[in-house]
Amino acid sequence: MAANTQAISENFHVKRTAWKALEGHYRKIRSLHLRCLFEDDPSRGERLATQAIGLYFDYSKNRITDQTIKLLIQLADESGLQARIDAMFRGEKINITENRAALHVALRAPRGASIFVDGVNVVPQVQTVLDKMALFCNMVRRGDWFGYTGKRIRNIVNIGIGGSDLGPVMVYEALKDYSDRSMRFRFVSNVDGTDFREAVRDLDPSETLFIICSKTFTTLETMTNAQSARAWVQAALGGDEKSVAKHFIAVSTNAEEVAKFGIDHANMFVTWDWVGGRYSVDSAIGLSTMVAIGPENFRAMLDGFHQMDMHFLATPFQSNLPVLMGLLAVWYVNLFGVQAIAVLPYEQYLKRFPAYLQQLTMESNGKHITLIGTEVTQATGPIYWGEPGTNGQHSFYQLIHQGTRLIPCDFIAFGKSRDPVGRHHDMLMANAFAQTEALAFGNHAEEVRADGTPDWLVPHRLFEGNRPSNTILADQLTPETLGKLVALYEHSVFVQGVIWNINSFDQWGVELGKDLAQRILLELESKEEVELKHDSSTNALIRRYRLLKQNTGMTAA
């Protein structure tokens, strides 16, 4: 560990020279307008774009020059990016605060590949779990899995939180066109009882199978919902504890806790501690998704992931999609002071993609401590957010176009619709391309006046432009394409983390609130008055809540 820390420290020190060059370059070009950049270089739109593994990445509408890219790649080189990529793929314990590998790439490695963790090739383990998942999913999809009363399973409810929910629900929604429409799929994550009640309100318990996703099988929110699910099933099926084995599946690393819950070991699917939750949708955490779309489509998604992995590992940085995307994010966050990046998929099936990326990006890079334990010296972790087009255009695009904040945007578009209806897709794509053009170039006062706008109204209708964007264009949203897109952002996040010299694979920031919640829960549920030792605000809120419980007749669980 000491040798690795020394190497990290040395890379961090060397990196300062590249930062200095970028800062000087930024001062020279920060006032350049995209209008001028395109006028001076008629081929810019074709030249500042790259295509690989079926994705076309247009980054020409960014406030950059060729020199910017050159300096950003120099920064990547001086930061040891290639060495860090290689270390990740080799299974080294790059998650140093938890002493773990970060080896999500092993989840989609093809059968026969070799990726080692602590001297053990983990690919055969992954393939064994995938094969077991496929057998289970085919049984459920054929109607050969029967509940306690002998009825076939028609409803799947995934219970998880964080990556154990956001991943499965995002992929399910994205690939809904591939799903078995004779079955119903629901997702429960919030510990708010409403989430569970609404998910099961119209379901028949005798036809419902719950998939409980929790690495430790002790996650408070997930296990609270799981206990409610078990009570719901048992109440409907005569109270027999044997019913649990027919209606519950576990995805976990903790066989002991799974057995205590009443789930047969044969109905447990393992995952590994070298996979972070937000990187786990292509593991057994995606079991509900595999049931929905079938094993072949799930495998196709894994192949898309793997294609992007290989592109990231082996492609020179100047043509490497995740590297370019990650470096551009660094450029805006650290030189322009950008605080947010919008992800705007012009595809309704990707409606949950921005929410999924929020965890992937902000849990990964929302850090202020470097790998060597010192405070960072630059901003990290921008806010990622967004909505599908064209909905966002009639919501928050006003701020992006004419607000005071600079918000770079990623537009995601497809050449073909999965649901071709009349001219809908042409209209959708026209809007996507028009938005990138309007953001980049805006308009001139003369143009506004030429439309008959009175002088007093001209400033209100003026668009200054010079708002940057990327456009990612693919043929069609398929399982393979979705895998490529998710891996693209995974690796882009890693690139940013390497440049910022932070650990993108831990998430200690969620722990304090969880620990305090356990303590406060006991105080909320105590039948006796308890001595409260929080701050005055928290103490007052706890007392007020306990009073409200008493006045409304609520009882502790």
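**Cavities, a sheet and one asparagine**

Arg84, Ile94, Leu371, Phe494, Gly497, Val498, Ile502, Asn503, Ser504 and Phe505 line the second largest cavity. That is my starting point today. Keep in mind that this is a predicted model.

The second largest cavity has a volume of about 40 Å³. Helix H19 gives the largest share of its lining, three residues. By class, the lining splits into six nonpolar residues, three polar and one charged.

How many cavities of 30 Å³ or more does the structure hold? Three. The largest cavity comes to about 100 Å³. It has 13 lining residues, and nearest its centre are Met325, Ala329, Ile341, Asp410 and Asn470. H14, S12 and S13 each give two or more residues to that lining. H14 makes the largest contribution, with four residues. Eight of the lining residues are nonpolar, four are polar and one is charged.

Now the sheet. It is open, has six strands, and runs in the order S1-S2-S13-S12-S10-S11 with mixed pairing. Its edge strands are S1, residues 49-52, and S11, residues 383-385; each pairs on one side only. On average, neighbouring strands are turned by 15° against each other, direction ignored.

Look at one pair. S1 and S2, residues 55-58, pair antiparallel over four bridges. Threonine 50 has phenylalanine 57, in S2, as its bridge partner.

Which helices pack on the sheet? Helix H14, residues 321-335, is one of them, touching S1, S2, S10, S11, S12 and S13. Its direction makes about 30° with that of S2. Helix H19, residues 479-500, packs there as well, touching S2, S10, S11, S12 and S13. The direction of H19 makes about 165° with that of S12.

Next, the largest pocket. About 890 Å³ of space lies in it. Of its 36 lining residues, Lys215, Gly277, Gln507, Glu511 and Lys514 are the closest to the centre. Helices H7, H9, H15 and H20 each give two or more residues to the lining. The classes here are eleven nonpolar, 16 polar and nine charged.

Last, a single residue. Asparagine 297 lies in helix H13, residues 295-314. Is asparagine 297 buried, exposed or partly exposed? It counts as partly exposed, because its relative accessibility is 22%. Leaving aside neighbours within four places in sequence, asparagine 297 is in contact with Tyr178 and Pro479. Leucine 220 is 77 residues away along the chain, and the two C-alpha atoms are separated by 33 Å.

Key: Residues numbered from 1 in each chain as written. Predicted model: local features only at pLDDT ≥ 70, side-chain atom pairs only at ≥ 80, totals over all residues. Heavy atoms only, no water. Buried < 20%, exposed > 50% of the residue type's maximum accessible area, 1.4 Å probe, protein only. Contact = heavy atoms within 4.5 Å. Pairing = 2+ DSSP bridges. Axes fitted to C-alpha atoms, helices over the stretch in contact; angles between N-to-C directions. 1 Å grid on protein atoms, 1.4 Å probe; cavity = no way out; pocket = protein on both sides within 12 Å on 5 of 7 lines; lining within 4 Å. Points joined across faces, edges and corners; volume = space filled by probe spheres on them. Nonpolar A, V, L, I, M, F, W, Y, C, P; charged D, E, K, R; others polar.
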